[in-house]
Amino acid sequence: MKYCRFQFNGQAQYGLVESVAGRDAIVRLLLTAPEDADGDMESLRTRRVEPIPLEEAVLLPPVRPSKIVCVGRNYREHAKELGNEVPTEILIFFKPPSSVIAPGEQVRRPKISQRVDYEGELAVVIGTQCYKLREDQDVREYIRGYTCLNDVTTRDLQNKDGQWTRAKGWDTFCPVGPVVTDELDPWAGVIVETRVNGQVRQHGTTTDFIFPLDQVMRYITSVMTLVPGDVIATGTPSGVGPVVAGDVIEVEIQGVGVLKNPVVDE
């Protein structure tokens, strides 16, 4: 199943996305929000609409998380490129829900920062509440789907502060979208690519994770409860770098699509 969130007749609606004549289109409205489905997406009530090409829809963030839990330095080469040791234990941090923006919305560079970086990532969307997942539990049962995420970061403030709340938490610093889909298998390998102004800057695969997704979910849920709609950002490949006003960032994940956002100065 693949779905988005979009403006429809002046209201925010979730829409079921299917291929129509070779193009993704919104074909039904979801009458219950996915985060209220408790993992049972198949029984959601829907209403048919005339197909709306996804590229013509006014997209909103496809998630409304209570929290965004991010995994730091989950690719060896990314850890090394910033002069850090490859972690031996999972490193997590938060981005606030107030940082979330939709495809097409502007990423704002704060005046106080001299370097703002892109970080393209695969994001996991939680479908069923989970806490203290055991080794014998299949974490896939708790995942609603996957989407693209850009973990925008003020690199200079990250290095200055030591902890990452300010560097990662600015408004507009978490573009997400364009859709959520369960038609991926990160364990088998999913390509994550980031482009700036059409030039490829990052190209990695989820098979290069230092800590695989099942290990990540068990670690996070050993600390906190994940509820439907929560998001896990799984880490970024090597190739991160700065952007300036006028740049356009594209994060593409096979099977999800392209998350595209322009950059402006505050």
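**Entry 1: ground rules**

Helices (H or I, at least four residues) and strands (E, at least two) are DSSP runs, numbered from the N terminus. With that settled, I looked up K132 and found it in the loop between β11 and β12. This is a predicted model, where local features need pLDDT of at least 70, side-chain atom pairs count only at pLDDT 80 or more, and totals for chains, interfaces and linings use all residues. Residues are numbered from 1 along each chain as its sequence is written, and side-chain values use heavy atoms, with hydrogens and water left out.

For burial I use relative accessible area: under 20% is buried, over 50% is exposed, and in between is partly exposed (1.4 Å probe, protein chains only). K132 comes out partly exposed, because its relative accessible area is 46%.

R73 also has a positive phi of about 55° without being a glycine. I found R73 in the loop between β6 and α1 (76–81). At a relative accessible area of 24%, R73 is partly exposed.

Which two residues does a cis peptide bond join? I noted G177 and P178, with omega about 0°. P178 is in strand β14 (residues 174–181).

**Entry 2: the cores**

Here a nonpolar core is a set of buried Ala, Val, Leu, Ile, Met, Phe, Trp, Tyr and Cys residues joined through side-chain atoms within 4.5 Å. The largest one has 43 residues, and C4, F6, I26, M217, I232 and I253 have the most contacts inside it. Elements giving two or more residues to this core include β1 (2–8), β3 (23–30), β4 (46–53), β12 (143–150) and β19 (248–253). Which element gives the largest share of this core? I get α4, with 4 residues. A second, separate core has 23 residues, including L30, A37, F93 and V180. As background, nonpolar side chains tend to be buried together in soluble globular proteins.

I then checked I26 for contacts (heavy atoms within 4.5 Å). Leaving out residues up to four places away in sequence, I26 touches C4, F6, G15, L16, V17, V49, E50, P51, I52, L54 and A57.

**Entry 3: helix α4**

Which residues of α4 are buried? My list is L213, V216, M217, R218, I220 and T221. These buried residues pack against β6, β7 (91–95), β11, β12 and β17 (231–233).

For sheets, two strands pair if DSSP finds at least two bridges between them. I traced an open sheet of 5 strands in the order β9-β20-β19-β15-β16, with mixed pairing. Its edge strands, β9 (107–109) and β16 (199–205), each pair on one side only. Inside the sheet, β19 and β20 (residues 257–265) run antiparallel and are joined by 6 bridges. V251 stands opposite L259 in β20.

I also looked at G204, which is in strand β16. G204 counts as buried because its relative accessibility is 8%. Not counting residues up to four places away in sequence, G204 touches V190, I191, V192 and P237. The C-alpha atoms of G204 and S238 are separated by 7.6 Å, with the two residues 34 apart along the chain.

**Entry 4: rings**

Rings of Phe, Tyr and Trp (its six-membered ring) pair if their centres lie within 6.5 Å; planes under 30 degrees apart count as stacked, over 60 as edge-to-face and the rest as tilted. I count 4 aromatic pairs by this rule. Y75 and F209 make an edge-to-face pair, because their ring planes are at 80°, with centres 5.4 Å apart. Y75 is in the loop between β6 and α1 and F209 in the loop between β16 and α4, so this pair links distant parts of the chain, 134 residues apart. Both Y75 and F209 are buried.

F93 and W164 are edge-to-face too, since their planes are at 70° and their centres 5.0 Å apart. F93 lies in strand β7 and W164 in the loop between α2 (155–161) and α3 (165–169), so the pair ties together parts that are 71 residues apart in sequence. F93 is buried at 11% relative accessibility, and W164 is buried at 14%.

**Entry 5: charges over rings**

A charge sits over a ring if NZ of Lys or CZ of Arg is within 6 Å of the ring centre and within 35 degrees of the ring normal. I found R5 over the face of Y14, at 5.9 Å from the ring centre. R140 lies over the face of W187, at 3.9 Å from the ring centre.
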